[in-house]
Amino acid sequence: MGVRSATFGTMRAALCLGMAAAHLGWTASIGSGQPAPTDIEPLDVPARTSISVRSIVPGAGWGTANETEERAALSLSKLFIADYALRHGDGSPADRDLCERMIRKSDDAAADRLAAEYPSAIDDIAREYGLRATHGAGGWEFSTTSTADVADFLAAKIRTEPDSPLLAWMEEPADKAADGTRQDWGTARLPQVLGTKWGWSDVGDPEVASASFGPGFTVAAHTYGTADQQTQDVLNVLWGPIGTLTPPRH
């Protein structure tokens, strides 16, 4: 797979991300933190949506102005719970099965069981990875994070543990979640994406999230709105600069 080694696909993805940064006028940091060109007018990104893009090269990334905003983690919090259970749990087949169900099918019952077994999992992962907007107090369903935190977390996983089952399960999501929700929107619609995890709210106003990785990059999005609105915002922001090098992904 593309994330397992430095390939032409990785270099191509990095070039795409560089094009995105220049096209959008986003801040880009590569080691020294030099900004991207500012004489290019950024695209209009609705405030309802936060987007973060990271290269697996440490320190390289781009994001919307609100990418560090603390928002509901929704089911993206299951990424943190699964990572904790896989690396710091009891190593049982039962835990591994629950982790797989959480990632591939976004199974809430599986999350409830693992969160009860490892109640500090989200906060422990936040401390380990330096995720400043990620907090798990009050239960996983009330946890918070930011798109910057999620994109940084996934980039760190790819760098340090590219063979993690968590990433493999993201590459093979179920078409429908455990509650029947179709998993097919947002960052998953971008070219070169290999794996995705989705999140959504079952109560109140629509609220959705998605996080994906591809060869050499990670991307996360959160929208105060519907799945279709997130897809529209993500593609409007990223499809132009990234899509110029690759055909649409259906």
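Student: How many aromatic pairs does the structure hold?
Tutor: This is a predicted model, and the structure in it holds 5 aromatic pairs. One of them joins Phe 80 and Phe 153: the ring centres are 5.1 Å apart and the planes stand at 80°, so the pair is edge-to-face.

Student: Where in the chain do Phe 80 and Phe 153 come from?
Tutor: From distant parts of the chain. Phe 80 belongs to helix 2, which covers residues 77–88, and Phe 153 belongs to helix 6. The two are 73 residues apart.

Student: Okay, and is Phe 80 buried or exposed?
Tutor: Phe 80 is buried, at a relative accessible area of 0%. Phe 153 is buried too, with a relative accessibility of 0%, because the cut-off for buried is under 20%.

Student: What about Tyr 129 and Phe 153, how do those rings sit?
Tutor: Edge-to-face again. The centres of the Tyr 129 and Phe 153 rings are 5.0 Å apart with planes at 75°, and edge-to-face applies because planes over 60 degrees apart get that label. Tyr 129 is in helix 5 (residues 121–129) and Phe 153 in helix 6, so this pair also links distant parts of the chain, 24 residues apart.

Student: Which residues end up in a cluster through ring pairs?
Tutor: Phe 80, Tyr 129 and Phe 153 are linked into a cluster.

Student: Changing topic: how many cavities of 30 Å³ or more are there?
Tutor: The count is 1 cavity. The largest cavity has a volume of about 60 Å³.

Student: What lines the largest cavity?
Tutor: The lining is made up of Arg 71, Ala 72, Ala 73, Leu 76, Thr 145, Ser 146, Thr 147, Val 150, Ala 209, Ala 220, Ala 221 and His 222. Strand 3 (71–72), helix 6 (147–160) and strand 7 (217–223) are the elements that give two or more residues to that lining.

Student: Which element gives the most?
Tutor: Strand 7, with 3 residues.

Student: Now the largest pocket. What volume does that have?
Tutor: About 300 Å³. It is lined by 18 residues, and those closest to its centre are Leu 74, Glu 141, Trp 200, Ser 201 and Asp 202. By type, the pocket lining divides into 7 nonpolar, 4 polar and 7 charged.

Student: Let's stay with Leu 74. What is its phi?
Tutor: Near 55°, a positive value in a residue other than glycine. As background, most residues other than glycine have a negative phi. Leu 74 sits in the loop between strand 3 and helix 2, and at 12% relative accessibility Leu 74 counts as buried.

Student: Which other residue has a positive phi although it is not a glycine?
Tutor: Ser 106 has one, at about 50°. Ser 106 is in the loop between helix 3 (93–105) and helix 4 (108–117). Ser 106 is buried, with a relative accessible area of 4%.

Student: I'm also looking at Gly 199. Where does it lie?
Tutor: Gly 199 is in strand 5, residues 195–200, and counts as buried at 0% relative accessibility.

Student: What is Gly 199 in contact with, leaving aside neighbours within four places in sequence?
Tutor: The contacts of Gly 199 are Leu 74, Ser 75, Leu 76, Trp 185, Glu 207, Val 208 and Ala 209. Leu 74 brings us back to the pocket, as one of the residues closest to its centre. Leu 76 and Ala 209 take us back to the lining of the largest cavity.

Student: How far is Gly 199 from Gln 183?
Tutor: Their C-alpha atoms are separated by 9.0 Å, and the two are 16 residues apart along the chain.

Student: Last thing, the whole chain. How many helices and strands does it have?
Tutor: The secondary structure comes to 8 helices and 7 strands. The chain has 250 residues, and 50% of them count as buried.

Student: And what about surface and contacts?
Tutor: The chain exposes about 10,900 Å², with carbon and sulfur atoms supplying 54% of that. Among contacts with a separation of 6 or more, residues 24 or more positions apart account for 64%.

Conventions: Residues are numbered from 1 along each chain as its sequence is written. This is a predicted model: local features need pLDDT of at least 70, side-chain atom pairs count only at pLDDT 80 or more; totals for chains, interfaces and linings use all residues. Side-chain values use heavy atoms; hydrogens and water are left out. On a 1 Å grid over the protein atoms alone, a cavity is a set of points where a 1.4 Å probe fits but cannot get out, and a pocket is an open set with protein on both sides within 12 Å along at least five of seven lines; lining residues have an atom within 4 Å of a point. Grid points are joined across faces, edges and corners, and a volume is the space filled by probe spheres set on the points. Helices (H or I, at least four residues) and strands (E, at least two) are DSSP runs, numbered from the N terminus. Rings of Phe, Tyr and Trp (its six-membered ring) pair if their centres lie within 6.5 Å; planes under 30 degrees apart count as stacked, over 60 as edge-to-face and the rest as tilted. Buried means under 20% relative accessible area, exposed over 50%, partly exposed in between (1.4 Å probe, protein chains only). Contact means heavy atoms within 4.5 Å. Accessible areas come from the Shrake-Rupley method with a 1.4 Å probe; for residues, only the protein chains shown count as cover. Ala, Val, Leu, Ile, Met, Phe, Trp, Tyr, Cys and Pro count as nonpolar, Asp, Glu, Lys and Arg as charged, and the others, Gly among them, as polar.
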